[in-house]
Amino acid sequence: MDSPDADGLLAEQLLRLTRRVHRIQKHHLETRGLGITPAQSRLLRTLAHYDSPPRMADLAERLEVVPRAVTTLVDALEASGKVRRVPDPTNRRVIRIELTEDGGRALRELHGARRAAAEDILAPLTDEQRAVLGGLLDTLVDGTSAPADSASVPAGGADAARGPGRDC
């Protein structure tokens, strides 16, 4: 990065890539006919990471959105049978959100759509380039330096380079 504008160019490239990722994921969602928006998909994936049904306020905090946005998403997902509101067993005033069986099936389809989108995006890269990219993205996401050997492809391939839990 020799010039002051190089960071601006890099930022623009990241934004364009983000838009491309969203466009391709949206296409794969539409192709599978799930009737789920990218925001609803994100809520379902987040919901699946809880050990027990969370409150809407918990979802809003984890998703980093206002509670009203979660209400709108939950309303739509509940109407389509993907989630349901359930009373808290210890406090009747509290409502929790749980994934339904249909929601679990949708989540598996979403996972497949995301995997297909990732394959489309990463298709031009070699396994080595994918491993390097995975290490660089981990550095950006975590805000810490990647290990020196992150450029090597692990036995599990490029997906293993990103480690567990990076698929949400």
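**Helix packing in a predicted model**

The chain of this predicted model has a mean pLDDT of 84. Of its residues, 83% reach 70 or more. Residues 149–168 fall below 50 in pLDDT. Where pLDDT is low, the predicted coordinates should not be read in detail.

Two packed helices are described by the angle between their axes and the distance between the axes. Two pairs are described here in these terms.

Helix 1 spans residues 5–31, and helix 5 spans residues 101–122. Their axes come within 9 Å and cross at roughly 135°. Helix 1 is therefore oblique to helix 5. The crossing of the two helices is right-handed. Helix 1 contributes L17, R20, V21, I24, Q25, H28 and L29 to the contact. Helix 5 contributes L110, A113, R114, A116, A117, D120 and I121. By class, nine residues of this contact are nonpolar, two are polar and three are charged.

The second pair joins helix 2, residues 38–48, with helix 3, residues 56–63. These helices pack at an angle of about 110°, and their axes lie 11 Å apart. Angles of 65 to 115 degrees count as roughly perpendicular, so helix 2 is roughly perpendicular to helix 3. On the helix 2 side, the contact involves R42, L43, T46 and L47. These meet L59, R62 and L63 of helix 3. The contact of helix 2 with helix 3 comprises four nonpolar residues, one polar residue and two charged residues.

Terms used: Residues numbered from 1 in each chain as written. Predicted model: local features only at pLDDT ≥ 70, side-chain atom pairs only at ≥ 80, totals over all residues. Heavy atoms only, no water. Axes fitted to C-alpha atoms, helices over the stretch in contact; angles between N-to-C directions. Helix = DSSP H or I, 4+ residues; strand = E, 2+ residues; numbered from the N terminus. Parallel < 35°, antiparallel > 145°, perpendicular 65-115°, else oblique. Left-handed = near helix turned anticlockwise from the far one by under 90°. Contact = heavy atoms within 4.5 Å. Nonpolar A, V, L, I, M, F, W, Y, C, P; charged D, E, K, R; others polar. pLDDT = per-residue confidence, 0-100.
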